[in-house]
Amino acid sequence: MHRILSKERFSSRVVKLEVEAPLIARARKAGHFVIVKTGEKGERIPLTIAGADTQRGSITLVVQAVGTSTEKICALKEGDEITDLAGPLGQATHIEKVGTVLCAGGGVGVAPLMPIVEAMQQAGNRVIVVLAARTRELILLEEPMRAFSDEVILMTEDGSYGEKGLVTQGVENVIRREKVDLCVTIGPAVMMKFVAALTKRYEIPTIASLNTIMVDATGMCGACRVTVGGKTRFVCVDGPEFDAHQVDFNEMLLRLKGYDNDR
Amino acid sequence: MTTTDKNALSRQAPWRVELRKAKKNRERAEIPRVRMNEQDAARRSRNKEEVNLGLTPAQAMQEAVRCLDCPNPSCMEGCPVGVQIPTFIKYIEAGRFPEAAGTLKETNALPAVCGRVCPQERQCEARCIHLKMKKEAVAIGYLERFAADHERESGQISVPKTAPSNGIRVAVAGSGPAGLSFAGDMARMGYEVTVFEALHRIGGVLRYGIPEFRLPKRIVDMEIDILRQMGVRFIPNCIVGKTLSREDLLAEGFRGIFVAGGAGLPNFMGIPGENLLGVMSSNEYLTRVNLMEADDPESDTPVWRGKNVAVIGGGNTAMDSVRTARRLGAERAVIVYRRSEAEMPARLEEVKHAREEGIEFLTLHNPIEYLGDEKGRVRGMRLQKMCLGEPDASGRRRPEPIEGAIETLDTDEVIVSVGVSPNPLIPTAFKGLQLSERGCILVEESTLRSSLGEVYAGGDIVRGGATVILAMGDGRRAARAMNAAWRAEP
């Protein structure tokens with residue numbers, strides 16, 4: 001049912017999978033995610049959709065092996081089936097022409113940023129992308145990003161590619177240089193926390209796409225709850241995107257560790 | 001013909017007239033009510049096997065004798081799906097068990113489930129004639145379970161007859177009790193039914209909510225399999241409103257949609273510390289254990305295994321959660337409830353079972369804050385002591401705080417079970433659907449038809465949070481109404 005049509009290895013721990021899912025490919029919009037479960041006893045984990053091909057009836061997922069479930073997904077081969085796949089879930093990104101949009105992505109968060117970059121450009125925005133990674137090998141999707149944006153700025157922590165530094169430095173350079181109307185950030189929670197803190201100083205509206213722990217992902221269990229503007233919100237149905245300046249990232253970082261030692 | 005008429009007709013059958021004559025009503029009424037065979041409490045609180053073990057054929061036949069086969073059986077008025085109660089019970093008395101099961105299945109798509117989880121003491125059994133004679137009600141629920149189990153264990157499971165296909169396609173969103181009951185009735189009338197389920201397994205709350213020790217999953221599987229044999233198609237991992245829109249379904253040729261998406265969004269109390277690690281909703285806790293089988297070492301899904309677990313709430317879901325916690329190794333498992341035990345919405349049987357399993361009850365206490373340790377894990381809670389005031393809108397005495405009476409309770413896991421709000425997925429995805437202030441789908445009461453003509457809805461998505469059997473009753477009513485509406489059309 002959900003066969004892997006192609007697999008590409010981006011780095012030792014990151015793979016790109018093109019998965020057969022015609023209904024999801026047709027229904028999905030930028031910002032949506034899917035639930036993936038591998039094996040009968042597998043866990044349900046959320047992955048933001050990185051792209052879709054309605055002709056081929058497929059969606060693209062970029063997965064980093066960080067735990068039991070993601071390792072299982074990364075080990076799948078071309079022709080294998082994903083046991084369970086459901087979506088598209090969550091609220092789509094609100095796309096409109098606002099002027100200049102700065103998209104800041106880190107780690108595998110760059111992948112779900114791709115459809116947003118594309119949609120923002122198609123809506124007539126000037127789109128600047130900051131891609132950040134620890135080292136050159138981990139910079140993802142540079143070429144397609146260039147194709148759908150006005151400028152791509154590369155940041156590596158070790159300076160092996162692009163500029164040396166963190167994503168926040170790349171973002172701040174752009175903000176100092178020109179007027180930015182909206183910032184969109186996807187990446188590790190700690191990265192989004194610092195991007196949000198930075199853009200708040202400059203009073204630039206900022207959207208963050210949160211990837212929390214989920215079980216059903218349809219609004220039933222509340223495992224994904226986060227505090228946004230002092231209120232409890234459910235990432236699976238209210239999100240995954242929220243006003244980054246309102247998100248309690250410290251609480252989110254803590255909650256992501258909820259099952260680290262409780263096997 | 002209504003099921004009451006059917007029962008009356010069957011009542012005239014010679015075998016049944018004979019059976020009635022065989023014993024005087026007074027003799028029948030003298031027989032004491034059967035006691036359910038149960039797994040020993042100390043043993044069962046450490047395993048996940050079913051607590052109730054069912055009746056033996058001899059026990060069931062004896063209990064069936066107690067039923068007076070009333071000319072106007074008031075028990076049937078108490079049944080949301082209209083089971084022909086005296087008919088199936090008299091079949092048991094006569095030892096005709098397969099026919100008893102067949103009678104149940106005429107009106108009830110899930111008899112083995114209902115025999116286990118229905119609150120019979122508030123429905124059929126609450127209307128039993130024996131109560132008027134100051135005797136205990138006939139154990140209708142136990143007998144229902146017996147008939148359904150006996151059929152399954154005999155290996156000769158009858159599949160209800162379906163009318164020849166009329167070629168009309170209907171879609172069901174959600175495979176819980178409302179959806180399954182609707183699907184069964186529509187299939188019986190000859191419709192081509194497809195049930196879409198958002199999760200990866202079929203059964204809705206029967207799968208993710210009710211624990212194995214109360215409703216073994218093989219029973220759910222078996223009942224679903226019967227529906228499959230009746231021609232119902234099941235599609236898991238398909239979220240109506242997301243994977244397929246209402247327009248997609250209509251374009252696919254579905255003429256009607258029954259929305260039975262169930263309750264979603266667990267309620268939290270909005271008190272400090274609720275997002276600490278180890279504080280979770282009962283939906284999350286039970287879904288991890290029941291749907292994801294997190295208690296199985298082979299499962300990739302983790303679950304908290306607190307040693308000192310507090311469950312907030314007094315309903316059936318709270319009882320399911322606290323008893324699950326005990327089975328997962330909690331040394332102390334406590335129900336914290338803001339009213340007194342008399343106001344608890346949980347079934348008496350569940351409270352009794354919980355107590356036998358060593359669950360503590362801390363009533364007239366309400367959490368006001370959860371306390372965390374340096375790692376952000378819950379370590380305790382502050383409790384406001386309560387007393388009971390005047391009755392509130394629910395008719396129960398309102399809990400009121402006793403000023404200054406604050407206590408603390410140590411705990412390493414908190415499961416919040418204070419109700420749910422309707423699932424927002426379909427209500428927000430179907431444009432033009434009229435909703436209540438709470439977000440429930442508004443329907444015409446007698447037909448369950450929504451503001452979108454071809455969309456009907458039932459179960460918790462309409463009621464906000466009710467029981468399996470009320471949801472099943474909704475499924476039946478919607479099926480009848482949808483069929484009637486289309487018959488009336490040219």
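Me: In this predicted model, what is the order of the strands in the open sheet of seven strands in chain A, and what kind of pairing does the sheet have?

Reply: The order is β11-β10-β9-β8-β12-β13-β16, and the pairing in this open sheet of chain A is mixed. As background, strands of a sheet pair through backbone hydrogen bonds, either parallel or antiparallel.

Me: What makes β11 and β16 of chain A the edge strands?

Reply: Each of them, β11 (163-164) and β16 (241-243) of chain A, pairs on one side only.

Me: How do you know that β8(A) and β9(A) count as paired, and in which sense do they run?

Reply: Two strands count as a pair if there are at least two bridges between them, and strand β8 (residues 100-106) of chain A is joined to strand β9 (residues 126-133) of chain A over seven bridges, in the parallel sense. To find one of these places in the structure, look at A:Gly105, whose bridge partner in β9(A) is A:Leu131.

Me: Which bridges tie β12(A) to β8(A) and to β13(A)?

Reply: β8(A) and β12(A) pair in the parallel sense over five bridges, and in β12(A) the partner of A:Leu102 is A:Cys183. β12(A) and β13(A) are parallel too, over three bridges, with A:Thr185 bridged to A:Ala208 in β13(A).

Me: Why is β12(A) described as largely enclosed by the rest of the structure?

Reply: A residue is called buried when its relative accessible area is under 20%, and five of the five residues of β12(A) are buried, so the strand is largely enclosed. A:Leu182, A:Val184 and A:Ile186 point one way from β12(A), whereas A:Cys183 and A:Thr185 point the other way, and all are buried. Helix α6 (residues 189-201) of chain A lies across β8, β12 (182-186) and β13 (206-209) of chain A, and its direction makes an angle of about 165° with β12(A).

Me: What joins β1(A) to β2(A), and what do the two strands form?

Reply: Five bridges join strand β1 (residues 4-9) of chain A to β2(A), and the strands run antiparallel; together they form a hairpin with four residues between them. Within it, A:Lys7 has A:Leu17 in β2(A) as its bridge partner. Strand β2 (residues 14-20) of chain A is mostly covered, with five of its seven residues buried.

Me: Turning to chain B, why is α7(B) called oblique to α11(B)?

Reply: Helix α7 (residues 85-93) of chain B and helix α11 (residues 140-154) of chain B pack at about 60°, with their axes 10 Å apart. An angle counts as roughly parallel under 35 degrees and as roughly perpendicular from 65 to 115, and the value of about 60° therefore makes α7(B) oblique to α11(B). The crossing of these two helices is left-handed. At the contact, B:Ile85, B:Phe88, B:Ile89 and B:Ile92 of α7(B) meet residues of α11(B) including B:Leu143 and B:Phe146.

Me: How many residues of α7(B) are buried?

Reply: Nine of its nine residues are buried, and α7(B) is thus described as mostly covered. The buried residues include B:Lys90 and B:Glu93.

Definitions and conventions. Residues numbered from 1 in each chain as written. Chains lettered and ligands numbered in written order. Predicted model: local features only at pLDDT ≥ 70, side-chain atom pairs only at ≥ 80, totals over all residues. Heavy atoms only, no water. Contact = heavy atoms within 4.5 Å. Axes fitted to C-alpha atoms, helices over the stretch in contact; angles between N-to-C directions. Parallel < 35°, antiparallel > 145°, perpendicular 65-115°, else oblique. Left-handed = near helix turned anticlockwise from the far one by under 90°. Buried < 20%, exposed > 50% of the residue type's maximum accessible area, 1.4 Å probe, protein only.
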